[in-house]
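I opened the file to look up a few side-chain contacts and the packing around them.

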Amino acid sequence: MASSGYTYEVSLRLVGGGDGSVPEEPALLTFEHVNHDDIIDIVEHMRRTTGLPPDDAAAAAVGLKLLGEVMLREKRNALFDPLRSGLREFISSLKSRAAIERH
């Protein structure tokens with residue numbers, strides 16, 4: 001993966017099943033992702049400005065930044081066409097909220 005930003009190792013570990021069970025050997029998914037933004041800084045910012053519980057703000061920020069970056073790289077891929085305008089509007093709304101919070 002060519003680097004033109006921040007490189008992250010993203011890990012997801014299953015710690016509890018949908019039925020409440022705890023796996024003896026948790027499943028683990030790990031991959032690298034390059035993003036033009038400092039995702040950790042964005043998570044902290046969303047925790048301060050969105051009113052979401054901290055873990056929800058982190059999940060929303062990470063999910064948004066991972067998806068958004070893939071969509072930027074795949075701008076000609078029709079798979080993402082149904083999401084483009086809605087995501088753009090959502091990000092604008094977040095940025096507006098952040099600007100209001102700073103003042």
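Which backbone oxygen lies 3.0 Å from a polar atom of the side chain of Asn 35? I found that it belongs to Lys 65. I note for the record that the model is predicted.

I then placed Asn 35 in the fold. Asn 35 sits in strand 2, which covers residues 28-35. Its relative accessibility is 0%, so I list Asn 35 as buried. Leaving out residues up to four places away in sequence, I get contacts from Asn 35 to Gly 5, Tyr 6, Tyr 8, Lys 65, Leu 66 and Glu 69.

My search of the whole structure returned one aromatic pair. Tyr 6 and Tyr 8 make up this pair, with 6.4 Å centre to centre and 25 degrees between the planes. I log the pair as stacked because the planes are under 30 degrees apart. Tyr 6 is partly exposed at 41% relative accessible area, whereas Tyr 8 is buried at 14%.

Last, I looked up the nonpolar packing. The largest nonpolar core holds 14 residues, and Ile 39, Val 43 and Met 46 have the most contacts inside it. At least two residues of this core come from each of strand 1 (6-13), helix 1 (39-49), helix 2 (54-73) and helix 3 (81-102). Helix 2 contributes the most, with six residues. For Val 43 I checked the partners, again leaving out residues up to four places away in sequence: Val 43 touches Ala 58, Ala 61 and Val 62.

How values were computed
Residues numbered from 1 in each chain as written. Predicted model: local features only at pLDDT ≥ 70, side-chain atom pairs only at ≥ 80, totals over all residues. Heavy atoms only, no water. Phe/Tyr/Trp six-rings, centres within 6.5 Å; stacked < 30°, edge-to-face > 60°. Buried < 20%, exposed > 50% of the residue type's maximum accessible area, 1.4 Å probe, protein only. Core = buried A, V, L, I, M, F, W, Y, C linked by side-chain atoms within 4.5 Å. Helix = DSSP H or I, 4+ residues; strand = E, 2+ residues; numbered from the N terminus. Contact = heavy atoms within 4.5 Å. Polar contact = N/O pair within 3.5 Å; in protein donor to acceptor, adjacent residues only side chain to side chain.
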